[in-house]
Amino acid sequence: MIRLIGYFFGLASVLALAVAVVVAIYLANVTRDLPDFAVLSSYEPPVATRIHADDGSLMAEYARERRLFLPIQAIPDRVKAAFLSAEDKNFYNHPGVDIYGLGRAILVNLQNFGSGRRPVGASTITQQVAKNFLLSSDQTIDRKVKEAILSFRIEQAYSKDKILELYLNEIFFGMNAYGIAGAALTYFDKSVTELTIAEAAYLASLPKGPSNYHPFRHPDAALERRNWVIDRMVENGFVSQEDGADAKKQPLGVTLRRTGAHLFASDYFAEEVRRQIIERYGDKALYEGGLSVRTSLDPKMQIVARKALQKGLLTYDERRGYRGPVSQVDVSGDWGAPLAKVAGLSDVPEWKLAVVLAVSSDRVDIGLQPATEAGGKVAAERRTGKIMAEDMDWAYRSATGDRKTAKSPEGVLKAGDVVFVEALEGEGQKDRYRLRQPPKVQGGLVAMDPHTGRVLAMVGGFSYAQSEFNRATQAMRQPGSSFKPFVYAAALDNGYTPASVIMDAPIEIVQGGQVWRPQNYGGGSAGPSTLRLGIEKSRNQMTVRLANDMGMNLVAEYAERFGIYDKMNPVLAMSLGSGETTVLRMVSAYAVLANGGKQIKPTLIDRIQDRYGKTIFRHEERVCEGCNADGWNNQEEPTVVDNREQVLDPMTAYQITSIMEGVITRGTAAGKVKLDRPVAGKTGTTNDEKDAWFVGYTPNLVAGLYLGYDNPAPLGRGATGGSLSAPVFNDFMQGAVAGTPPGKFHIPEGMNLIAINRKTGMAAVQGEPDTIIEAFKPGTGPADSFSVIGMDSYMAPEEILRTSPQANEAVTSGSGGLF
């Protein structure tokens with residue numbers, strides 16, 4: 001018997017040894033290609049880039065995985081407790097694999113075998129870290145063994161808090177949210193520190209299956225799973241019975257965070273910043289790099305700019321009458337459901353979509369678009385309102401602004417038409433609305449600090465939801481006469497004075513058998529006139545003669561120096577603004593005039609920091625001498641050294657500014673701009689009134705805009721920069737400078753102010769009418785005798801290069817010039 005026992009013992013030993021050898025060989029093979037867990041120490045997950053306005057307000061976030069990294073110390077205990085209760089209650093006690101939990105899971109799965117229930121897992125948080133960071137998600141024995149081995153090794157190399165930090169920042173929560181910080185923002189629009197017990201429990205329930213516990217598609221399952229997590233928190237002693245009971249009474253309370261731009265009216269600005277970051281650092285840096293971008297956007301000024309441009313576009317558009325409904329829906333049954341599917345303008349919240357229910361001679365009954373809940377369900381409430389006949393008076397006009405035969409709503413709207421409406425405010429206006437329509441005409445506006453180049457406001461069109469095309473930076477348009485100040489600046493910088501006299505008379509330019517006859521807007525000529533009058537009254541014939549007299553090569557050099565064009569063809573048609581450029585470039589060029597001739601680099605970005613807070617870009621290039629002193633030892637105050645290039649004589653800059661003040665007081669913008677401070681500016685209108693421009697500035701703010709169709713087409717007779725764009729500039733400036741002290745344009749030292757006759761440019765005698773104080777550089781002054789530049793009626797033939805279809809038309813058709 002003893003020998004038999006010994007025989008079996010020996011056999012068992014051999015078998016055990018064989019099994020051990022097999023296991024050892026298997027483990028050796030499995031561990032041979034195990035990934036290096038040391039990479040966890042240098043964990044850099046894809047992190048969202050956040051863009052802020054100049055006051056710190058969050059403008060936009062960009063990420064492929066919506067994640068913000070949080071150190072474990074910044075995560076509240078109640079949040080950690082929720083995840084430990086849901087995923088691994090013994091996390092702080094096991095060595096990487098929970099043996100007891102594994103045994104329990106095996107027993108439960110054996111009991112549930114054949115019941116159809118989902119198998120219970122026993123992966124610890126450490127095992128999930130090993131799988132998520134180092135392994136695939138294959139459901140194989142090899143992968144599970146590797147996971148266990150790595151878990152033991154990870155536990156030996158890293159602290160429990162470090163492992164939990166990795167887990168909480170990596171896991172996927174659904175809705176493109178990764179990590180606990182991203183999930184808190186995505187689901188509840190709040191920071192992790194603000195999460196309640198109920199909210200933390202719901203987030204802790206998601207990693208097991210985000211789609212299974214979707215707050216809108218599966219609300220009952222989500223609530224049940226959340227409450228289960230709360231019960232585990234109570235059971236594990238993390239939460240009291242009373243607090244747990246209160247938490248279970250709370251609704252899910254999911255409030256989805258909006259994507260895209262978060263700051264009202266900042267969509268165009270944020271999108272331009274996004275493009276610039278990709279251009280500078282690449283796609284991956286934007287969507288994964290966790291950059292912190294501080295922009296130059298002034299949120300209050302941005303809203304003022306948007307309101308001013310929208311008002312100008314609507315004013316013009318409504319003069320052209322009503323173009324028809326947005327869509328049509330059946331109103332014989334429930335009109336709310338089909339109406340809810342029609343896309344509105346999300347960035348114009350004051351406008352609502354409505355369907356016409358009935359039309360009479362004096363009113364229109366409408367049904368307002370019902371709200372759509374976050375899960376896509378249409379709200380049951382149906383609200384109605386009315387549009388009175390007088391609140392859609394503009395819709396009776398034709399495209400030319402004339403009255404249609406229709407005199408009442410019956411000739412304009414019919415039942416089923418989907419239209420935009422805006423609620424009227426004031427006493428007795430309840431449920432009363434005004435008819436609206438998105439304008440077909442568009443435009444762009446930019447406002448800038450002329451001393452730094454910081455773009456303070458940018459509007460790229462009526463609505464970003466209507467069109468994402470940014471007309472402030474992407475639209476290439478002819479600036480027309482708003483380009484003329486740079487022709488005159490080149491002249492004043494090279495021997496001419498504001499009192500130089502040029503012939504304003506018909507002129508012909510012949511080339512290749514074609515004749516170009518630039519004309520003054522409205523026809524007519526003023527005869528011999530000063531440079532000042534040429535700008536104030538925007539005289540084309542004078543400008544062409546002046547450009548010809550000094551040479552277009554000089555004009556091209558100045559246009560490039562100011563950044564209007566990268567390379568300008570030195571042809572006479574360009575002197576009238578026939579080349580194409582952007583609003584941003586024109587505003588930047590005017591900023592040089594406003595700041596006394598200093599070159600500036602326009603920027604939307606003040607500073608960029610990487611994920612660690614290190615500054616990797618700063619717009620400010622000026623050097624501050626003495627700013628880094630350890631302390632004050634009676635030394636001089638630190639000074640900022642202005643190292644910007646002087647691209648224009650400060651005296652020339654002031655002369656042009658003074659002349660453009662005349663544009664406001666008695667020129668093409670007379671009566672259109674009314675501010676409590678000095679302001680200079682210039683109108684611009686292109687061939688056939690296809691674009692209307694205005695660019696101008698006060699001592700501390702420069703702004704410019706254009707109005708026009710995206711596919712250039714005539715705006716109509718009289719649609720000039722003075723009539724259309726100058727009022728928009730005025731509306732913007734009045735709001736932008738409100739509450740700020742008025743400054744004065746700086747007169748350079750040594751400049752002589754002399755009274756002259758506005759027409760002849762010669763010195764004025766005391767009491768002489770039509771006198772003006774003109775600014776002259778040292779050594780210059782009014783002429784002693786009357787001399788006129790360009791007395792010849794015809795100019796020598798010249799080959800004018802075609803720079804654009806519009807310039808070609810101006811040169812070859814014999815039509816009028818650009819005004």
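## Glu508 and its partner

Glu508 sits at a relative accessible area of 18%, so it counts as buried, the cut-off being under 20%. Keep in mind that this is a predicted model. The partner of Glu508 is Arg517: the two form a salt bridge, and their closest N and O atoms are 3.0 Å apart. Arg517 comes out as partly exposed, with a relative accessible area of 37%.

## Other salt bridges

How many salt bridges does the structure hold? The count is 42. As a bit of background, side chains of opposite charge can pair when their charged atoms come close.

One of the pairs is Arg436 with Glu318, where the closest N and O atoms are 3.0 Å apart. This one ties together distant parts of the chain: Arg436 belongs to strand S11 (residues 433-436), Glu318 belongs to helix H13 (residues 299-318), and 118 residues separate them. Are these two buried or exposed? Arg436 is buried, at 15% relative accessible area, and Glu318 is buried too, at 10%.

Then there's Asp676 with Arg677, whose side chains meet in a salt bridge at 2.8 Å, N to O. Asp676 is exposed, since its relative accessible area is 55% and the cut-off is over 50%. Arg677, on the other hand, has 10% relative accessibility and therefore counts as buried.

## A charged network

Some salt bridges join up into a network. Which residues are linked in it? They are Arg532, Glu536, Arg666, Arg758, Asp770 and Glu774.

## Where H15 meets H18

Now for a pair of helices. H15 covers residues 484-492 and H18 covers residues 552-561; their axes come within 9 Å and cross at roughly 115°. Angles of 65 to 115 degrees count as roughly perpendicular, so that's the label for H15 and H18. As for handedness, the crossing in which H15 passes H18 is right-handed.

What does the contact look like, residue by residue? On the H15 side you'll find Phe486, Val487, Ala489 and Ala490, and these meet Leu554, Val555 and Tyr558 in H18. Sorted by class, the contact has seven nonpolar residues, with no polar and no charged ones.

Definitions and conventions. Residues are numbered from 1 along each chain as its sequence is written. This is a predicted model: local features need pLDDT of at least 70, side-chain atom pairs count only at pLDDT 80 or more; totals for chains, interfaces and linings use all residues. Side-chain values use heavy atoms; hydrogens and water are left out. Axes are lines fitted to C-alpha atoms, for helices over the stretch in contact, and angles run from 0 to 180 degrees between N-to-C directions. Helices (H or I, at least four residues) and strands (E, at least two) are DSSP runs, numbered from the N terminus. Angles under 35 degrees count as roughly parallel, over 145 as roughly antiparallel, 65 to 115 as roughly perpendicular and the rest as oblique. A crossing is left-handed if the near helix is turned anticlockwise from the far one by less than a right angle, and right-handed if clockwise. Contact means heavy atoms within 4.5 Å. Ala, Val, Leu, Ile, Met, Phe, Trp, Tyr, Cys and Pro count as nonpolar, Asp, Glu, Lys and Arg as charged, and the others, Gly among them, as polar. A salt bridge is a side-chain nitrogen of Lys or Arg within 4 Å of a carboxyl oxygen of Asp or Glu. Buried means under 20% relative accessible area, exposed over 50%, partly exposed in between (1.4 Å probe, protein chains only).
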